[in-house]
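Visitor: I have a structure on the screen and some quick things to ask. Can we go through it together?

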Amino acid sequence: MGWEPLKDAVRGLTELTARCCSEPEVIKGARPILFKLIENSSWLESAYKEPHPEFYQQYLLYADPSNRFSVVSFVWGPGQSTPIHDHTVWGLVGVLEGAEKCQRYERNSMGMVEPVGSEEMYFPGDIDCVSPSVGDIHTVANALPDKPSISIHIYGANIGKTSRHVFKPDLAEPINFISGYNPLSAPVLDLS
Ligand code: FE
């Protein structure tokens, strides 16, 4: 199988983001592309599934040269979770292996983050969506106590280079951050 499923997704997203300009259109078009990509996890080489003992990992799989989208493998070891954070661009999160817990937040009139709704569980094949227009602040945690969980994320920019925010429950001011990636290079894809 090799990287064919990823290459198909990248070709589809390149065509989609070149053709569509509105966020709802792009999200609507990207969802079936991600759904197909997470149908099966065998295309993802084991190096990009490797958890780190202390920190969840973000492996860049592809960055569009025109910065219209990126595809990233997120790997959570047992017990690992993100801080409360935003994205500032649209994002689709599709679970590939394991299970993930997500909690959404909103900022109140004081600027403090408050949970919205209850924690939701996501399993392989499930897709969640974030963006400044549909709700952009959340946490994601591995729901499994003894195994890694992996999800494939598609964002409307090179997310590892995007300036965004972490929120602390007791602070009104967000903290700026740029996440970066695990140093493992993205796979070289022949898209011709
Ligand atoms: Fe997120």
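**Salt bridges, rings and the iron site**

Guide: Let me begin with a salt bridge: E97 and K49 form one, and their closest N and O atoms are 3.2 Å apart. Keep in mind that this is a predicted model.

Visitor: Where do E97 and K49 lie?

Guide: E97 is in strand β4 and K49 is in the loop between α2 and β1, so the pair ties together parts 48 residues apart in sequence.

Visitor: Is K49 buried or exposed?

Guide: K49 is buried, because its relative accessible area is 19% and the cut-off for buried is under 20%. E97 counts as partly exposed, at 26% relative accessibility.

Visitor: How many salt bridges are there?

Guide: The count comes to six. Among them is the one between K7 and E4, with the closest N and O atoms 3.2 Å apart. Another joins the side chains of R19 and E15, at 2.8 Å from N to O.

Visitor: Where do K7 and E4 lie?

Guide: Both are in helix α1, three residues apart, which is about one turn of the helix. R19 and E15 are also in helix α1, four residues apart, again about one turn.

Visitor: Why do residues three or four places apart point the same way in an α-helix?

Guide: Because an α-helix has 3.6 residues a turn.

Visitor: And what about exposure, say for R19?

Guide: R19 is exposed, with a relative accessible area of 54%.

Visitor: Different topic. Which residues are the protein donors of the iron ion?

Guide: H85, H87 and H138, each through NE2, lying 2.1 Å from the iron ion.

Visitor: How are the donor residues spaced in sequence?

Guide: The pattern is H-x1-H-x50-H. H87 and H138 link distant parts of the chain, being 51 residues apart. H87 is in the loop between β3 (84-85) and β4, whereas H138 is in strand β8, residues 137-142.

Visitor: Is H87 buried or exposed?

Guide: H87 is buried, with a relative accessible area of 1%. H138 counts as buried too, at 3% relative accessibility.

Visitor: On to the rings. How many aromatic pairs does the structure hold?

Guide: Eight. One of them is Y56 with W76, which is stacked, with 5.6 Å centre to centre and 15° between the planes.

Visitor: Where do Y56 and W76 sit in the chain?

Guide: Y56 is in the loop between α2 (23-37) and β1 (57-63), and W76 is in strand β2, residues 70-76. The two are 20 residues apart, and the pair links distant parts of the chain. Both Y56 and W76 are buried.

Visitor: What about F74 and Y155?

Guide: They form an aromatic pair that is tilted, at 6.5 Å centre to centre with 50° between the planes. This pair also links distant parts of the chain: F74 is in strand β2 and Y155 in strand β9 (residues 149-155), 81 residues apart.

Visitor: Is that F74 buried or exposed?

Guide: F74 is buried, with a relative accessible area of 4%. Y155 counts as buried as well, at 2% relative accessibility.

Visitor: Which residues form an aromatic cluster?

Guide: W3, W43, Y48 and Y59 form one.

Visitor: W43 makes me think of P5. What does P5 touch?

Guide: P5 touches L37 and W43, leaving aside residues up to four places away in sequence. P5 itself is found in helix α1. The C-alpha atoms of P5 and K36 are separated by 8.0 Å, although the two are 31 residues apart along the chain.

Visitor: Which residues of α2 are buried?

Guide: V26, I27, A30, I33, L34 and L37 are buried in α2.

Visitor: And what covers them?

Guide: The cover for the buried residues of α2 includes α1 (4-19), β2, β4 (91-97), β7 (127-130) and β9.

Notes: Residues are numbered from 1 along each chain as its sequence is written. This is a predicted model: local features need pLDDT of at least 70, side-chain atom pairs count only at pLDDT 80 or more; totals for chains, interfaces and linings use all residues. Side-chain values use heavy atoms; hydrogens and water are left out. Rings of Phe, Tyr and Trp (its six-membered ring) pair if their centres lie within 6.5 Å; planes under 30 degrees apart count as stacked, over 60 as edge-to-face and the rest as tilted. Buried means under 20% relative accessible area, exposed over 50%, partly exposed in between (1.4 Å probe, protein chains only). Contact means heavy atoms within 4.5 Å. Donors are N, O and S atoms within 2.8 Å of the metal (3.2 Å for Na, K and Ca); water is not among the atoms, so sites may look incomplete. A salt bridge is a side-chain nitrogen of Lys or Arg within 4 Å of a carboxyl oxygen of Asp or Glu.
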